[in-house]
Structures are given as structure tokens and as C-alpha cells.
Amino acid sequence: MPELSIVIPVFNEQDVLPVLFARLYPALDALQRSYEILFVNDGSRDRSTLLLRQQFERRPEVTRVLLFAANFGQHRAILAGFAHSRGRYVITLDADLQNPPEEIGRVVAELDAGHDYVGTIRIARKDVAWRRAASKLINYIRERTTRVRITDHGCMFRGYARAVVDAVNQCTEYNTFVPALAFTFAMRPVEIRVAHEDRGAGQSKYSLFRLMRLNFDLMTGFSSAPMQLFSAFGIVIALLSVLFVAYLAVRRLVVGPEAEGVFTLFAIAFFLIGVALFGVGLLGEYVARIYDEVRHRPRYIVGAVLEQRPEEGSAQEGAAQEGAAEAGHRPRTGA
């Protein structure tokens, strides 16, 4: 079994893959450790699949490729990589080269030191300003609503010991945030600072809406604090409303009927309606998560696996397990 498993989700990265191959393999060879690289093709619609097949044929002894039947998302691709990994350590890395492969050795060194979870913090981030600001805001909210302590939640370059990966593989939730989930199982977590580069080519796959969606999953998936905070806020609003109604009643008895204040009442009514709608939306987030879980649908479907079997001397004989559609099922429970 290899000592290192490198898991790399790939989605429409045809422009950057050749550069990734040219830097990744030499960086791992320099570590002088046994390794495997698991590329998880997340339903790419460009030439990424072809490039991954060609790279597998070049280095079949250390390359494995999982081909998803459709696009299931980055975190489910990582979960599929975890399920197929065999290494003592598992390291996740994005394909866009914003995290240099040459930094993998630093993560491995921390794992060798006894840490079972190695998080990373990007220094001199190359992201646009609004993404950096949004990241700081989400970090602030998450730290106060969950017990997950991750400084840079947007960086997927992380290292995990086998025990943590095995624990994650036993989890069955449909939507999850892999670094946060793994952090909950870590006994000796650590964070290190790593370099950050401009994207090798192409554009980020995370739009503003997808980033908001991901952060909602992060907060609602690991804490019920948002619901509790909203309940407390509702109680405060209700008490203030009672006091305000009492004030209006006393004023009517003392001053008499008044026409003034109509627009103020409208403003208060609209504010309370907005609060109520926000609460309904927040409740809907939790209900949607429950809905996803009770359907028991597979998290991902692997249409094919390219790998060299142990008994094969070369990659030319049946290395591709085509058509073996493997589903990332979650076990059902109950009677």
C-alpha cells in the first residue's frame, strides 16, 4: 500500500492539467515515498477526461482516475477519493495550481510529527478582494456558531491521517463540508501557512451564489446555533412589540386619536415581516437537509475507474474498469 494518497477533484480543467502533471509528479518523486494520485473527474465537459486517461497511460503505477457519471460537486469528489484511497496519509489538493504541489512535503512533515489533521492558511492570497472579505466574514460567523476552528475554510489543501479518513468514510450525510467534518474527528489538529499562487488557467468554479450555498451548508450542517439565535431574537422582538402596543394604548387614552405615526407603523410591520420571512428561510435550510437525508440517494456515482491492478505488469491490459457503475451509497438504518 502506498504511504501517500493525493486526492485531486477535477472539473473542466483542460487548460491547467498539463502544467499540474509537470509539477505534481516531480514534487512527489522528490519526497522519496511511495504514493498514489487519485484524480476524481467530476463530470467534466471539456478535454479533462482525455488528458486524465493519457496521464494514466504514462504513469499507471501511481495514477488512478475515478470518472463520475455526472457533476456531483467538489466535496463529494473528495469523499469518493477518500473511499478509494489506500495511503497512510491522504492529502487533498485543488487542480487549479493555486496551492503549489511543492508544498506537499510540508504537510507530510506535520503528519509525520504526529498530527492527524493538517489545515493550511493561504498567505498573500491571490483571490479578488470581495472573496477575501467574504471569507473573513464567514470565518467570523462560523467560529461563533460552531465548534469547528478552521482559519481558512476555503483552502482545500489539507492533510489527513488514515484514522480521520476512515472516520469520515463512515459518515452518511448527503451534504457536508469535508474539512469541517474531518476536523470533528481529529485529536491533534494543526494549521500551517502555505504559499498561494494565481490560478494556473481558466476561472474559478465557485460563483458568489455557490459560495453562499456552501457557507450555509457549513453553518447549518455543524450547528443548530442559527436556529437558537433566531429564536432568541424572536423572543426579544415579541417583548418589544408588547411594550410598543402598551405604549400606543396609553398614548391613545392620554392624547386621544392621532393620525401621525402611520408610516412608522408600516416600517415596523415591514421589518417584522422581513424577520419572519428570514426565519422561514432559515427553518427551510434545516428542513431541506432533512429532506435530502431521508431520500437515501447516492452521494455520487462512479461510472469507471482507471487503475492498474496489483497482478498486472503493465497498464495496457484492462486497466480501465469501464462501466462498473459504483454508487456512493449511504447505508439505510431502521427496522
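In helix α4 (residues 104-112), I104, V107, V108 and L111 are buried. Buried means under 20% relative accessible area, with a 1.4 Å probe and protein chains only. These four residues lie on the same side of α4, because they cover an arc of only 100 degrees around the axis. The arc is taken from the directions from the helix axis to the C-beta atoms. An α-helix has 3.6 residues a turn, so residues three or four places apart point the same way. The buried residues of α4 pack against several elements, including β1 (4-10), α1 (17-29) and β5 (117-122). Contact here means heavy atoms within 4.5 Å. Helices (H or I, at least four residues) and strands (E, at least two) are DSSP runs, numbered from the N terminus.

The model is predicted: local features need pLDDT of at least 70, side-chain atom pairs count only at pLDDT 80 or more, and totals for chains, interfaces and linings use all residues. Residues are numbered from 1 along each chain as its sequence is written, and side-chain values use heavy atoms, without hydrogens and water.

Six aromatic pairs were found in the whole structure. Rings of Phe, Tyr and Trp (its six-membered ring) pair if their centres lie within 6.5 Å, and planes over 60 degrees apart count as edge-to-face. F82 and Y160 form an edge-to-face pair, 5.3 Å centre to centre, with 75 degrees between the planes. F82 lies in helix α3 (residues 74-84) and Y160 in strand β6, so the pair ties together parts 78 residues apart in sequence. F82 is buried, at 0% relative accessible area. Ring pairs link F82, Y117, Y160 and F183 into a cluster.

Notes
Buried means under 20% relative accessible area, exposed over 50%, partly exposed in between (1.4 Å probe, protein chains only). Rings of Phe, Tyr and Trp (its six-membered ring) pair if their centres lie within 6.5 Å; planes under 30 degrees apart count as stacked, over 60 as edge-to-face and the rest as tilted.
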